[in-house]
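Open the viewer and get ready to select residues by number. This tour goes stop by stop.

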Amino acid sequence: MHPMTSNGVVNESVFLRACRGEDVPHTPVWFMRQAGRSLPEYRKLREGTAMLEACRTPDLVCEITLQPVRRHGVDAAIFFSDIVVPLAAVGVGVDIVPGTGPVVAEPIRTAAQVEQLRDLTYDDVDYVAEAIRLLLAELGGTPLIGFAGAPFTLASYLVEGGPSKNHARTKALMYGAPDVWHALCSRLATITSQFLNVQIEAGVAAVQLFDSWAGALSLADYERFVAPHSAAVLSSVQDKGVPRIHFGVGTAHLLGAMAEAGADVVGVDWRTPLSRAADLVGGRPVQGNLDPCALLAPEVVLAEEVRRVLTDGASASGGHIFNLGHGVLPETDPGALTRTVELVHEHSARRAT
Ligand code: CP3
């Protein structure tokens, strides 16, 4: 149900309107990894609590998700969790090691191990639904974005056993044992679909599928080994009234295929101009793409870069949601994020038509 203004006009979130390619009074802005380590209030709250334990504690998840919304006035909240949460929830031995990232105790490389990956049920992640319910009561009109890792990016962590530069073992499995590869990705697509659907039923307003490492693949390999599985995930959340954002890094050559996999909005890193990206994604709205390192630059330089991204975004045919080209770096001054939100809102303000 959309709140109505006195003249009967639907007064809906600027972020959601932009996701649908509708006119907006200003360009909406949020930041990937806004809920996390760049904030001192986050570090304080997390003291003594492991990352995955924090993700399973609804009060903490609610507070951490709200922190950047209060501090920066962003146009959307992103649910505090991690891409490995659903994997841990179905019994995969995975932990998040500070400074390293996800580490998997027994990497998955055989058909027998793939068969052991079971479905995810509501009870496995009831704490996620509970945290979303707490958040909806607190967020007022600010939309909440749910998310999940895409099959390729999840598979990379599972096959490598941890973060990887070249994804060599992952590609070795893909090329050397395509049956095992497709079975693994199809299991991951099912788990991811189930995880996103729990979030949608609990009330998130949009979802983002993070295929952070898909840019490591050629277009031909992406289309053959990955796109069908990401498409299965995206189609499982189609027609649920929530926009689907599809994001990866280093994906200039994949943007068209990522759009066709079933995205409503395509996330773009800082390497590709938004106006060009918009053409590649068939005029869908684009999200991005300030270089996260620009936030470390002097304020005049940051302001110039923000304006440049806005100008480029204004010529993106399907519309623009301002974001970074990848996540907030831990060393970022939170003041630079707040300033960026102000700049985006000021410079993109349009008169109501
Ligand atoms: O603010 C938000 O965007 C919501 C929270 C969020 C986290 N992880 C919290 C987190 C989101 C959306 C993610 C997604 C995620 N996790 C991705 C996709 C996005 C991307 O950046 O490409 C990936 C690849 C992961 C895997 C992962 N988890 C990595 C690479 C790391 C960083 C390792 C490190 O410590 O440098 C994590 C850990 C993680 N996830 C942290 C947070 C806040 C840091 C842990 C901590 O604060 O102790």
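Which residues in α9 meet which residues in α10? Before you look, note that this is a predicted model.

**Stop one: two helices.** Select residues 168–176 for helix α9 and residues 178–202 for helix α10. On the α9 side, pick Thr-170, Leu-173, Met-174, Tyr-175 and Gly-176. They meet Pro-178, Val-180, Trp-181 and Leu-184 in α10. The residues of this contact divide into seven nonpolar, two polar and no charged.

Now turn to the axes. Two packed helices are described by the angle between their axes and the distance between the axes. Here the angle is about 115°, and the axes are 5 Å apart. That makes α9 roughly perpendicular to α10.

**Stop two: the ligand.** Select the ligand and its surroundings. There are 25 residues around the ligand. The closest are Arg-33, Ala-35, Tyr-42, Ser-212 and His-326.

Next, look at the oxygen contacts. A polar side-chain atom of Tyr-42 is 2.6 Å from an oxygen atom of the ligand. For Arg-33, a polar backbone atom lies 2.7 Å from a ligand oxygen. For Gln-34, a backbone N or O atom is 3.1 Å from an oxygen atom of the ligand. Taken alone, the ligand exposes 870 Å², and the protein buries 91% of that.

**Stop three: Arg-33 again.** Stay on Arg-33, in the loop between α1 (14–19) and α2 (40–46). What is its phi near? The value is near 60°, which is positive in a residue other than glycine.

**Last stop: a cis bond.** Select Gly-288 and Asn-289. The peptide bond from Gly-288 to Asn-289 is cis, with omega near -15°. Asn-289 lies in strand β8, residues 286–290.

Notes:
Residues numbered from 1 in each chain as written. Predicted model: local features only at pLDDT ≥ 70, side-chain atom pairs only at ≥ 80, totals over all residues. Heavy atoms only, no water. Axes fitted to C-alpha atoms, helices over the stretch in contact; angles between N-to-C directions. Helix = DSSP H or I, 4+ residues; strand = E, 2+ residues; numbered from the N terminus. Parallel < 35°, antiparallel > 145°, perpendicular 65-115°, else oblique. Contact = heavy atoms within 4.5 Å. Nonpolar A, V, L, I, M, F, W, Y, C, P; charged D, E, K, R; others polar. Near = heavy atom within 4 Å. Polar contact = N/O pair within 3.5 Å; in protein donor to acceptor, adjacent residues only side chain to side chain. Areas by Shrake-Rupley, 256 points an atom, 1.4 Å probe, with all protein chains shown as cover.
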